[in-house]
Amino acid sequence: MANIEQARMALLRRVLEGEGKASLSDRRAAFDNRGLAEPMSQLVDKVARSAPGITDEEINRVRQTGLSEDQIFEIVVCAAIGQACRQYEVAKAAVEAARRN
Amino acid sequence: MRLKILDSGHGFGTKALFALIRAASRQEILDVIKLVKYRPDFYGNPMSKVTQEAMRGASPWSVGDRELMAAFIAKINQCEFCTKAHSAVVDLAYGNKKKASAILCDLESSGIDQTLRATLLMLGKLTREHVVNADDMRAVIAAGASFQQIEDALAVAFSFNIIGRLADSFGFSVPPPQAFDAGAKYLLSRGYR
């Protein structure tokens with residue numbers, strides 16, 4: 001998989017630095033699962049830690065803060081990618097540690 | 001789905017494509033397709049390149065092995081849509097209708113290759129606990145995996161730890177088995193492009 005890092009970095013650049021309906025700071029905060037206000041903070045944390053438990057009501061609460069569906073879409077995508085990135089980076093570090101010893 | 005834009009917010013060309021697919025396949029459009037085709041420049045296009053590389057790029061793992069990893073990760077994430085979708089691909093790839101369910105129900109007695117088994121266990125820990133360490137990787141290596149195989153398996157995990165979260169967050173509906181069978185044929189013949 002010679003091109004996986006290139007593809008992965010292109011995805012991260014697109015969602016975190018490219019044009020979007022949500023602000024760059026909100027997309028970054030969702031990616032990092034840090035620094036968002038309620039109720040978005042709770043939704044982002046559930047995307048990262050317990051996505052099967054997300055309810056219609058939680059999405060509706062975020063919608064009622066005035067965010068558009070496009071903004072919610074982008075923020076949820078960033079939250080999912082952020083958690084997968086953290087898992088991936090932890091695992092890659094473990095591979096490097098095993099390679100050294 | 002929980003966001004109306006993902007159900008019906010696509011452009012005219014995409015809606016026309018969906019109508020053609022519905023007519024040809026006699027199946028509803030899977031929610032995962034609706035997701036990747038919604039504003040595809042933001043998520044669908046760059047994510048498809050990642051997934052295509054992880055699942056169909058050059059690797060010591062077979063396509064069936066990687067689809068099994070995807071199904072296994074989905075099961076750990078309790079994502080019903082992804083578990084069923086990729087189990088269907090596993091069964092088709094291995095030519096055994098009960099292969100995926102046998103492995104997912106009881107990995108220990110499934111009789112799969114020990115290298116693949118150890119790799120699945122490591123992916124399971126990473127997915128469930130969000131952390132693995134050097135000892136976990138050494139266990140996979142001791143079971144016969146190369147560093148390349150581990151890194152390729154981690155790429156599969158990266159993709160499916162995103163897709164499963166989105167399936168559950170956006171509330172993908174779970175279609176009947178024949179829809180997954182049709183999807184499996186498509187994924188085996190065309191990949192994730």
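Which residues does B:Phe147 touch, not counting residues up to four places away in sequence? Hold that thought for a moment. One caution before the answer: this is a predicted model.

B:Phe147 touches A:Val95 and A:Arg99. B:Phe147 sits in helix α10 of chain B, which covers residues 147-170. B:Phe147 has 14 other C-beta atoms within 10 Å. Buried takes 20 or more, and exposed takes 12 or fewer, so B:Phe147 counts as partly exposed. Within its own chain, look at B:Met137. That residue is 10 positions from B:Phe147 along the chain, and their C-alpha atoms are separated by 8.9 Å.

Now the contact between the chains. Chain A gives 39 residues to it, and chain B gives 41. Stay on the chain A side. Three helices each supply at least two residues there: α1 (4-17), α4 (56-63) and α5 (69-100). Which helix gives the largest share? That is α5(A), with 22 residues. By residue type, the chain A side divides into 25 nonpolar, 5 polar and 9 charged.

Next, chain A as a whole. Chain A has 5 helices and 0 strands. Read from the N terminus, its elements go α-α-α-α-α. The C-alpha trace spans about 50 × 30 × 20 Å along the principal axes of chain A. Of its 101 residues, 40% are buried. Take the contacts in chain A between residues at least 6 apart in sequence. Of these, 59% join residues at least 24 apart.

One residue in chain A is worth a stop: A:Thr65. Where is it? A:Thr65 lies in the loop between α4 and α5 of chain A. It has 12 other C-beta atoms within 10 Å, so it is exposed. A:Thr65 also pairs up in space with A:Pro39. The two are 26 residues apart in sequence, yet 8.2 Å apart from C-alpha to C-alpha.

On to chain B. How many helices and strands does chain B have? The count is 11 helices and 0 strands. The radius of gyration is 17 Å, close to the 16 Å that the globule rule gives for 193 residues, so chain B is as compact as a globular protein of that length. Its C-alpha atoms fill a box of roughly 55 × 35 × 30 Å along the principal axes. Of the 193 residues in chain B, 46% count as buried. For contacts in chain B with a separation of 6 or more, 72% come from residues 24 or more positions apart.

Last, one helix pair in chain B. Helix α5 (residues 63-76) packs on helix α6 (residues 80-94) in chain B. The angle is about 155°, and the axes are 8 Å apart. Angles over 145 degrees count as roughly antiparallel, so that is how α5(B) and α6(B) run. Their crossing is left-handed.

Who meets whom? From α5(B), the residues include B:Val63, B:Gly64, B:Leu68 and B:Ala71. From α6(B), they include B:Cys82, B:His86, B:Val90 and B:Tyr94. The residues of this helix contact divide into 10 nonpolar, 4 polar and 2 charged.

To close, back to the start.

Terms used:
Residues are numbered from 1 along each chain as its sequence is written. Chains are lettered from A and ligands numbered from 1 in the order in which they are written. This is a predicted model: local features need pLDDT of at least 70, side-chain atom pairs count only at pLDDT 80 or more; totals for chains, interfaces and linings use all residues. Helices (H or I, at least four residues) and strands (E, at least two) are DSSP runs, numbered from the N terminus. The radius of gyration is taken over C-alpha atoms; the globule rule is 2.2 Å times the number of residues to the power 0.38. Two residues are in contact if their C-beta atoms, placed from the backbone, lie within 7 Å. Axes are lines fitted to C-alpha atoms, for helices over the stretch in contact, and angles run from 0 to 180 degrees between N-to-C directions. Angles under 35 degrees count as roughly parallel, over 145 as roughly antiparallel, 65 to 115 as roughly perpendicular and the rest as oblique. A crossing is left-handed if the near helix is turned anticlockwise from the far one by less than a right angle, and right-handed if clockwise. Ala, Val, Leu, Ile, Met, Phe, Trp, Tyr, Cys and Pro count as nonpolar, Asp, Glu, Lys and Arg as charged, and the others, Gly among them, as polar.
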